[in-house]
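User: I'm new to reading protein models. Could you walk me through a few features, giving the idea and then the case here?

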Amino acid sequence: MPLYLSKFSYTPETWARMIQHPEDRREAARAYIESVGGTLHGFWYAFGEHDGYTLWEAPDNVSMAAVALAIGGGGALRSLETTVLMSVEETLDALHRAQQVQYRPPGT
């Protein structure tokens, strides 16, 4: 199954609610991804541009998109970015396949 890295940031209102009622959001995240047949591999908070990161495994891009859309549409996040992660083997396969692509740069 494909792996996905999500970077998210809460809204100030969400942080205020969490300060008033601290909650371990890993269980919620686990339930979201399991509802589409996936697995939560990690959930971290961070300093910097993003408030947190999750590592998910989902059956396919559509399943992961459904989870991201549901979370993003919930109103608790200021931002959510999800990246499909590729294994070294998949990247090597892509590199070999790229040899067969007849690419022509613009203007040549």
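User: Let's start with salt bridges. Which residue forms a salt bridge with Glu27?

Analyst: Side chains of opposite charge can pair when their charged atoms come close. The rule here asks for a side-chain nitrogen of Lys or Arg within 4 Å of a carboxyl oxygen of Asp or Glu. Arg30 is the partner of Glu27, with the closest N and O atoms 2.6 Å apart. Both residues lie in helix H2, 3 residues apart, about one turn of the helix. Helices here are DSSP runs of H or I with at least four residues, strands are runs of E with at least two, and the numbering starts from the N terminus.

Keep in mind that this is a predicted model: local features need pLDDT of at least 70, side-chain atom pairs count only at pLDDT 80 or more, and totals for chains, interfaces and linings use all residues. Residues are numbered from 1 along each chain as its sequence is written, and side-chain values use heavy atoms, leaving out hydrogens and water.

User: How many salt bridges does the rule give?

Analyst: The count comes to 5. Among them is the one between Glu81 and Lys7, whose closest N and O atoms are 3.5 Å apart. Glu81 sits in strand S4 and Lys7 in strand S1, so this pair ties together parts that are 74 residues apart in sequence. Another joins Asp24 and Arg26 at 2.6 Å, N to O. Asp24 is partly exposed, with 40% relative accessibility, and Arg26 is partly exposed, also at 40%.

User: Now pockets. What is the volume of the largest pocket?

Analyst: Picture a 1 Å grid over the protein atoms alone: a pocket is an open set of points where a 1.4 Å probe fits, with protein on both sides within 12 Å along at least five of seven lines, and lining residues have an atom within 4 Å of a point. The largest pocket here has a volume of about 360 Å³. It is lined by 22 residues, and the closest to its centre are Tyr10, Arg25, Tyr32, Ile71 and Leu77.

User: Which elements supply at least two residues of that lining?

Analyst: Strands S1, S3 and S4 do, along with helices H1, H2 and H3.

Terms used. Points joined across faces, edges and corners; volume = space filled by probe spheres on them. Buried < 20%, exposed > 50% of the residue type's maximum accessible area, 1.4 Å probe, protein only.
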